[in-house]
Amino acid sequence: MEVEKVETQQQQKMKQVHLFYCVESEELARNVAAHSELITLQSINWRNFDDGFPNLFINNAENLRGQHVAFLASFSSPGVIFEQLSVIYALPRLFVASFSLVLPFFPTGSFERMEEEGDVATAFTMARILSNIPISRGGPTSLVIYDIHALQERFYFGDHVLPLFVTGIPLLKQRLHQLPESDKIVVAFPDDGAWKRFHKLLDHFPMVVCAKVREGDKRIVRIKEGNPAGCHVVIVDDLVQSGGTLIECQKVLAAHGATKVSAYVTHGVFPKRSWERFTHKNNGMENAFAYFWITDSCPHTVKAIANKPPFEVLSLAGSIADALQI
């Protein structure tokens, strides 16, 4: 009886969340809702005027007063950001009890530094934009982001948002334990930055740390520490763009005796279809990677790599559903 009472109390504390989503995140939103009876999908009419500017309508707006509301965003290109920001700024003003913004991939995250006068730190600009989301009746917006590229970016956000930084690494760990010979897995990091970010989350695996070194005009990858010989080595990083570093890491790991090499990145950005470099049909990379795991934080990539070995998608849906209850 006491156990049932505790479970009932916990259920009463949980929130019924109304989840809106952008067009390209519809599949992920449906998967999030499938993980919890407490999440109800809501819709927006994504229309445009003849001049191309957004003509938007939030359905069911009159019934959102006093309700917990969330929006699942995808800033995949500058062209889709404005229409989503318009909705993101409008939802908290509908007298909602609380507002959460889920932005799985923070796209400007790799442009956080000014190395010379004239450089524009667009990560800081995006953080300022998101920091000005109106406060709802419940207070500041909860902003959920997965594996942001530079950890210092958490300090870019103002007091109007409460950033919640989450990681996709638990999905990788679960998948690795399902593999045959999971006791012979070594985790590799392409550089010290990736090691600093993730090694504590993967400390029960043996590790290899690579580094880029300069030889003349070239930058090559070498093994800084660790031994990959005789093991299935999984390269771990937060995101991939062209994939050049991963390919160089694979080559050096294989040369040092790795029996198989795989890769995991939370964000498979792959501009200009650079994922094609990794498919098993690509003669230049024939079976170079046994597995290449990404999450569904970049919906366009998920559609592009569907049913194309070595790619597998580890969905963030369950993790997002949990984050919406925080």
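Which residues lie nearest the centre of the second largest pocket, and how many residues line it?

Reply: This is a predicted model. Phe75, Ser76, Ser77, Phe105 and Val269 lie nearest the centre of the second largest pocket. In total, 25 residues line this pocket. Its volume is about 430 Å³. Two helices, α3 (78–90) and α8 (299–304), each supply at least two lining residues. The largest share comes from α8, with 4 residues.

Take α3 next. Its buried residues are Val80, Ile81, Glu83, Gln84, Leu85, Val87 and Ile88. An α-helix has 3.6 residues a turn, so residues three or four places apart point the same way.

The loop between β6 (98–102) and α4 (122–131) holds Thr108. Thr108 counts as buried because its relative accessibility is 15%, and the cut-off for buried is under 20%. Beyond its neighbours within four places in sequence, Thr108 is in contact with Thr122, Ala123 and Met126. Thr108 and His149 are 41 residues apart along the chain, yet their C-alpha atoms are separated by 8.8 Å.

Now the wider layout. The protein is divided into domain 1 (17–166 + 318–324) and domain 2 (169–295). Their C-alpha centres lie 30 Å apart. Domain 1 brings 9 residues to the contact, and domain 2 brings 10 residues.

The largest nonpolar core has 37 residues. Val32, Val236, Ile320 and Leu324 touch the most other members. This core lies between the domains, because domain 1 and domain 2 both give residues to it. Ile320 shows some of the packing: setting aside residues up to four places away in sequence, Ile320 touches Leu28, Val32, Leu72, Val102, Pro104 and Tyr146. Another core lies apart from the largest one. This other core has 31 residues, among them Phe20, Ile44, Val96 and Ala123. In soluble globular proteins, nonpolar side chains tend to be buried together.

One annotation deserves a mention. UniProt, in an unreviewed entry, places the feature "domain: Phosphoribosyltransferase" at residues 224–267. Over residues 224–267 the chain is 27% helix and 43% strand. The end C-alpha atoms of that stretch are 25 Å apart.

Last, the backbone. Most residues other than glycine have a negative phi, and most peptide bonds are trans.

- Asp147 has a positive phi of about 40 degrees and is not a glycine. Asp147 sits in the loop between β7 (141–146) and β8 (161–166). Asp147 counts as buried, because its relative accessibility is 6%.
- Lys272, also not a glycine, has a positive phi near 55 degrees. Lys272 is in the loop between β13 (260–268) and β14 (292–295). Lys272 is exposed, with a relative accessible area of 86%.
- Pro309 and Pro310 are joined by a cis peptide bond, with omega about 10 degrees. Pro310 lies in the loop between α8 and β15 (311–314).

Methods
Residues numbered from 1 in each chain as written. Predicted model: local features only at pLDDT ≥ 70, side-chain atom pairs only at ≥ 80, totals over all residues. Heavy atoms only, no water. Buried < 20%, exposed > 50% of the residue type's maximum accessible area, 1.4 Å probe, protein only. Contact = heavy atoms within 4.5 Å. Core = buried A, V, L, I, M, F, W, Y, C linked by side-chain atoms within 4.5 Å. Domains from an automatic or database assignment. UniProt positions renumbered as here; feature names shortened; annotations may be inferred. 1 Å grid on protein atoms, 1.4 Å probe; cavity = no way out; pocket = protein on both sides within 12 Å on 5 of 7 lines; lining within 4 Å. Points joined across faces, edges and corners; volume = space filled by probe spheres on them.
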